[in-house]
Amino acid sequence: MKKKGILNAQLAGYIAALGHKDLFMIGDAGMPIPKGVPIVDLILTANVPTFKQTMDAILEETCVEGYILADEIKEHNPELFDYIKKSLPNLEPEFMPHDDLKKFSANVKFAIRTGEFSPYPNVILRAGVVF
């Protein structure tokens with residue numbers, strides 16, 4: 001039995017299968033996931049798990065070289081925006097309107113649905129390489 005790190009078998013498998021430049025998404029409880037995109041549905045109840053808890057776990061195990069956010073997060077969820085910037089300190093965020101982010105999410109390898117109930121807590125991450 002695995003005793004630390006991400007214990008969700010589905011999510012651990014998807015992370016292990018990431019290649020350089022692959023895109024994947026962490027989203028809130030209501031983020032529509034495009035048809036055909038595999039979903040790791042972690043939501044248990046409102047705000048369980050939170051976006052922050054999920055992102056922290058992902059970043060412990062995943063090399064990230066870029067990320068995309070909705071423009072709207074800057075105005076409507078500045079606390080979470082600051083958290084994301086601090087979590088990925090050497091990277092510059094890319095932005096697009098939320099509606100475009102929803103459409104663009106059709107390009108992700110998989111999506112993670114959290115229990116987050118705050119505005120615009122959705123990020124598309126681009127896998128990096130560790131060497």
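Colleague: Is Tyr14 buried, exposed or partly exposed?
Modeller: This is a predicted model, and its values are computed from it. Tyr14 has a relative accessible area of 26%. Buried means under 20% and exposed over 50%. Tyr14 therefore counts as partly exposed.

Colleague: How many aromatic pairs does the structure hold, and how far apart are the ring centres of Tyr14 and Phe110?
Modeller: The structure holds three aromatic pairs. In one of them, the planes of Tyr14 and Phe110 stand at 15°, so this pair is stacked. The distance between the two ring centres is 5.0 Å.

Colleague: How many residues apart in sequence are the parts that Tyr14 and Phe110 tie together?
Modeller: Tyr14 belongs to helix α1. Phe110 sits in the loop between α5 (98-104) and β5. The pair therefore joins parts whose separation in sequence is 96 residues.

Colleague: Is Phe110 buried or exposed?
Modeller: The relative accessible area of Phe110 is 0%. The cut-off for buried is under 20%. Phe110 is therefore buried.

Colleague: What is the angle between the planes of Phe24 and Phe110?
Modeller: Phe24 and Phe110 form an aromatic pair, 5.2 Å centre to centre. The pair is stacked, and the angle between the planes is 20°.

Colleague: Where does Phe24 lie, and which residues form one aromatic cluster?
Modeller: Phe24 lies in strand β1, so its pairing with Phe110 ties together parts 86 residues apart in sequence. Phe24 is buried, at 0% relative accessibility. The aromatic cluster is made of Tyr14, Phe24 and Phe110.

Colleague: How many salt bridges does the structure hold, and how far apart are the closest N and O atoms of Glu61 and Lys2?
Modeller: The structure holds nine salt bridges. One of them joins Glu61 and Lys2. Their closest N and O atoms are 4.0 Å apart.

Colleague: Which parts does the Glu61 and Lys2 pair tie together?
Modeller: The two parts are 59 residues apart in sequence. Glu61 is partly exposed at 32%, and Lys2 is partly exposed at 42%. The pair joins helix α2 (residues 51-61) to the segment before α1 (9-16).

Colleague: Which residues are linked with Lys21 in a network of salt bridges?
Modeller: Lys21 forms a salt bridge with Glu65, with the closest N and O atoms 2.8 Å apart. Lys21 lies in the loop between α1 and β1 (23-27) and Glu65 in strand β3 (residues 64-70), so the pair ties together parts 44 residues apart in sequence. The network links Lys21 with Glu65, Glu94 and Arg126.

Colleague: In which helix do Asp82 and Lys85 lie?
Modeller: The side chains of Asp82 and Lys85 meet in a salt bridge, 3.5 Å from N to O. The two are three residues apart, about one turn of the helix. That helix is α4 (residues 78-87).

Colleague: The backbone nitrogen of which residue lies 3.1 Å from a polar atom of the side chain of Thr114?
Modeller: Thr114 is placed in the loop between β5 (111-113) and β6 (123-127). Thr114 is buried, at 0% relative accessible area. Residues it touches include Ile26, Asp28 and Phe51. The backbone nitrogen in question belongs to Glu116.

Colleague: Which residues form a nonpolar patch on the surface?
Modeller: One member, Val129, lies in the segment after β6. Val129 is partly exposed, at 33% relative accessibility. The patch has about 390 Å² of accessible area together, and its residues are Val129, Val130 and Phe131.

Notes. Residues are numbered from 1 along each chain as its sequence is written. This is a predicted model: local features need pLDDT of at least 70, side-chain atom pairs count only at pLDDT 80 or more; totals for chains, interfaces and linings use all residues. Side-chain values use heavy atoms; hydrogens and water are left out. Helices (H or I, at least four residues) and strands (E, at least two) are DSSP runs, numbered from the N terminus. Buried means under 20% relative accessible area, exposed over 50%, partly exposed in between (1.4 Å probe, protein chains only). A polar contact is a pair of N or O atoms within 3.5 Å; within protein, one must be able to donate a hydrogen and the other to accept it, and residues adjacent in sequence count only if both atoms are side-chain atoms. Contact means heavy atoms within 4.5 Å. Patches are made of residues with over 30% relative accessible area and no salt bridge: like charges are joined within 9 Å, nonpolar side chains (Val, Leu, Ile, Met, Phe, Trp, Tyr) within 5 Å. Accessible areas come from the Shrake-Rupley method with a 1.4 Å probe; for residues, only the protein chains shown count as cover. Rings of Phe, Tyr and Trp (its six-membered ring) pair if their centres lie within 6.5 Å; planes under 30 degrees apart count as stacked, over 60 as edge-to-face and the rest as tilted. Lists of a residue's contacts leave out its neighbours within four places in sequence.
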